[in-house]
Amino acid sequence: MNRIRLFMDSDLVFRFGRDRVAQFSFALFLAFVIAAFAAPLIAPFDPYDPMQIDLMDSEIPPLWQDANTDPRFLFGTDAQGRDLLSTILYGTRISLIIGFCAVALQILIGVSIGLISGYVGGRIDSFFMRLADIQLSLSTLMVAIIASAVFKATFGTEIYGNVAILVLVLVIGIAEWPQYARTVRASVLAERSKEYVDAARVIGLPRWRIMIRHVLPNTLSPILVISTVQIANAIISEAALSFLGLGMPVNKPSLGSLISSGFEFIFSGSWWITVIPSLVLVALILSINLLGDWLRDVLNPRLYKD
Amino acid sequence: MALLEVRNLHVEFPLGRKTLQAIHGLSFALDKGERLGIVGESGAGKSVAAFSILKLIAKPGRIAAGEVIFDGRDLAKISDEEMRQIRGNRISMIFQDPMMTLNPVLTVGTQMVECLKAHRDISDAEAKRLAIAKLREVKIPSAEERFENYPHQLSGGMRQRVVIAIALLTDPAVIIADEPTTALDVTIQAEIMGLMLDLCRDHAVALMLITHDLAVVSQVTQKICVLYAGRLAEQGPTRSIITQPKHPYTQGLIKALPQQNEPGARLFQIPGTMPTLDDVPAGCAFHPRCAFADELCRREVPEPRPIGDHRVACHHAEKVASA
C-alpha cells in the first residue's frame with residue numbers, strides 16, 4: 001500500500017496528470033494492447049481457423065462503402081475472405097509480442113554487456129565494444145534478411161511458419177543489442193566514478209553485487225527511455241521484414257504481412273486490405289513514440305520545458 | 001605488536017613515460033583504540049595512503065614497495081577475496097561527502113543490511129535489528145523511520161551519522177575517516193567529530209583521521225603524521241607536534257592557524273604552493289618554500305630521523321626546533 005501511495009505521489013504521475021498528449025497516447029497504446037491481447041475474446045472471427053474462412057467472401061469492402069458490403073465484416077475482408085477486423089486484432093497481437101520480446105532480449109543482452117564493459121573495463125570492454133561496432137556496421141534489416149533467408153532455405157517454409165515468431169524475436173533482438181550496451185556502458189562509466197561506488201567497495205561488497213544492486217538501478221532512466229524507441233523500432237522492423245515476405249507467414253499474419261498481402265490488390269480497387277492495417281500500425285507506433293518523448297522529458301530534468 | 005602497521009610504503013602511478021610517486025616511504029603504526037591524524041595539504045597523498053591500506057587505489061596506481069601489516073598479515077600480499085572480507089568488516093572507511101557516498105536509489109536500511117549480510121551470516125530480521133540499534137547509537141532520532149528513508153530525505157549531518165553507523169556496523173578494529181566533516185557546516189562538524197570520538201572510545205576502535213584541519217586533529221588524536229608531497233615531514237605525539245614542531249612545514253601550518261594570531265592581525269602564510277607530483281623539486285621537496293633552506297636542502301633528500309619523540313625529515317631540524 002505504501003509503495004502504491006508513493007507512486008501516486010511521484011513527480012511522474014503528477015506530470016502525467018497535466019499532459020494531455022501523454023494521456024492520449026497512453027490511452028491509445030493501452031487500447032491497442034488490450035484489444036490485441038483480448039483478440040480471441042472480442043474478435044468476431046478466428047482468422048487462424050480455416051473452417052471460418054470462405055473464399056466466396058473475399059475482397060468485401062468495409063461497411064461504410066456503398067456497394068457489395070456485408071454487415072458481418074466491419075472493415076471488409078481480405079483476398080482470402082478473412083474478416084479484416086479480426087485479422088488486424090490478431091496481427092497486432094503478433095506485432096506487439098514480437099516487439100516486446102525482441103526488446104526484452106535486447107535488454108537482456110545489451111544491459112549485461114554494457115554493465116560488464118563499463119564496470120570491468122580494460123580488454124573485456126574493448127572486446128565487447130568492437131563487437132558492437134561490427135554489429136552496428138551491418139544494418140538491422142540486412143542481418144535480419146540474411147538470417148531469415150538462411151533459416152527458410154535450411155528448414156523449409158513449413159517449419160519456418162511454426163517458429164517464425166521465435167526467429168523474428170531472435171533476429172531483431174540480437175541485431176539491436178548494441179544500442180543498449182552503448183547507452184548502459186556510458187551511464188555506468190559516469191556512475192562508476194561516483195563516491196557511492198567507492199563506498200560500496202570499501203564496505204567489502206562483492207563486485208557483481210555492486211554492479212547489479214548499486215550501479216544498475218542508477219542507469220535505469222536512459223534504459224527506460226530508449227526502450228520505448230526500441231519497441232517502436234522492433235515493431236517497424238518486424239513489419240518491414242514481413243512486408244518483404246521474410247517475416248510472418250500469410251496464414252498467421254502480423255500487421256506487416258497483412259499490409260504486404262493487400263499490396264497486390266491495391267490497384268484492383270481493394271485498397272482497404274493495405275490501408276487499414278497501415279493506419280493501425282502508424283497509430284500504434286505514433287502512440288509509443290509520443291509516450292517515449294514524454295518519458296524522456298520527464299526523466300531528464302534538464303529538459304524541463306515549462 | 002601494533003594493530004595496523006604501515007612500513008616504508010611506496011605508491012606510484014605510472015603515467016605515460018613518467019612514474020609519479022604519490023607516496024614515498026611512509027611508515028606509521030596504529031595500536032588498538034589509538035587515534036592517529038594524517039595531516040597535509042590537498043595532494044599531499046593523504047587519501048592515497050588510506051586507499052592503499054584498503055588496496056583500492058584507482059588504476060593504474062599500485063603499491064610499489066612496503067608492507068601494510070594488519071593483525072599480523074601483510075595486506076599487500078593477500079588475495080582479493082581475503083581483502084574483501086577485511087574491507088568494511090575489520091577496517092571501515094568514512095568519506096568526505098555523505099551526499100555522494102550513500103547510493104541515491106537505495107534506502108538507508110537496504111544499504112545497512114547489505115553491508116551486514118556481506119560479512120555476517122545472519123537473517124534479514126536480525127540484520128535490521130542490528131542496523132536500527134546502530135542508528136540509535138549514532139543518535140539518530142526515530143531510527144525505525146529513518147531506516148526506511150532514502151538518503152535524499154535526510155539532512156547532511158543526519159547522512160553523515162548514517163555513514164558512521166554503517167562504518168561501525170560490523171564492529172571494525174580500525175576506521176579510516178577521510179575528511180569526515182569537511183562537507184558539513186561548522187556547528188554540525190563539532191557534533192559529528194564529538195560523536196566519532198565518543199564512539200571510538202566506547203568501542204576501542206582505532207581511528208585514522210585524514211584532514212587538513214589541525215584544530216580538529218589536535219582535539220581528537222593522540223598521534224600525528226604530517227605529509228608533504230607524498231613524503232613524511234614529521235610525526236610524533238599530538239601535543240608535542242602542536243606545541244614544539246620541529247619541521248619548518250609543520251611550524252608554518254601551526255603559525256597559520258587563526259588562534260595563534262593577535263585579533264585583527266594578518267594570518268601567517270607559507271609562501272608558494274605545494275609542488276604537483278610531476279614537478280617535485282630536487283632535494284627536499286619543501287626547500288623552495290622554506291626559510292631555513294640551504295645548499296644541502298637543494299641537493300639531498302632528508303630522510304626521517306628521530307629527534308626527541310618525533311621523527312622529522314629535515315636537515316636542519318635542531319635549528320628549526322630552537323628557532
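A residue counts as buried when its relative accessible area is under 20%, as exposed when that area is over 50%, and as partly exposed in between. By this rule Trp272(A), at 5% relative accessibility, is buried. The structure described here is a predicted model. The points below treat its aromatic rings, its cysteines, a nonpolar surface patch and a loop glycine.

**Aromatic rings**
- Over all chains, a search of the whole structure finds 12 aromatic pairs.
- One of these joins Trp271(A) and Trp272(A), whose ring centres are 5.8 Å apart and whose planes meet at 85°, so the pair is edge-to-face.
- Elsewhere in chain A, Phe16(A), Phe26(A) and Trp294(A) are linked into a cluster by ring pairs.
- In chain B, the ring of Phe268(B) has the charged end of Lys255(B) over it, 4.6 Å from the ring centre.

**Cysteines**
- A search of the whole structure finds zero disulfides over all chains.
- Cys115(B), accordingly, is in no disulfide, and the nearest cysteine sulfur, that of Cys200(B), is 16 Å away.

**Nonpolar surface patch**
- Leu141(A), Ile145(A), Phe243(A), Leu244(A) and Phe263(A) make a nonpolar surface patch of about 410 Å².
- Leu244(A), one of the residues of this patch, lies in the loop between α11 (220-243) and α12 (255-263) of chain A.
- With a relative accessibility of 48%, Leu244(A) counts as partly exposed.

**A loop glycine in chain B**
- Gly308(B) is placed in the loop between β11 (305-307) and β12 (310-312) of chain B.
- Is Gly308(B) buried or exposed? Its relative accessible area is 71%, so Gly308(B) is exposed.
- Gly308(B) and His152(B) are 156 residues apart in sequence, and their C-alpha atoms are 50 Å apart in space.

Terms used:
Residues numbered from 1 in each chain as written. Chains lettered and ligands numbered in written order. Predicted model: local features only at pLDDT ≥ 70, side-chain atom pairs only at ≥ 80, totals over all residues. Heavy atoms only, no water. Disulfide = S-S within 2.5 Å. Helix = DSSP H or I, 4+ residues; strand = E, 2+ residues; numbered from the N terminus. Buried < 20%, exposed > 50% of the residue type's maximum accessible area, 1.4 Å probe, protein only. Phe/Tyr/Trp six-rings, centres within 6.5 Å; stacked < 30°, edge-to-face > 60°. Lys NZ or Arg CZ within 6 Å of the ring centre and 35° of its normal. Patch = residues over 30% accessible without salt bridge, like charges linked within 9 Å, V, L, I, M, F, W, Y side chains within 5 Å. Areas by Shrake-Rupley, 256 points an atom, 1.4 Å probe, with all protein chains shown as cover. Salt bridge = Lys/Arg side-chain N within 4 Å of Asp/Glu carboxyl O.
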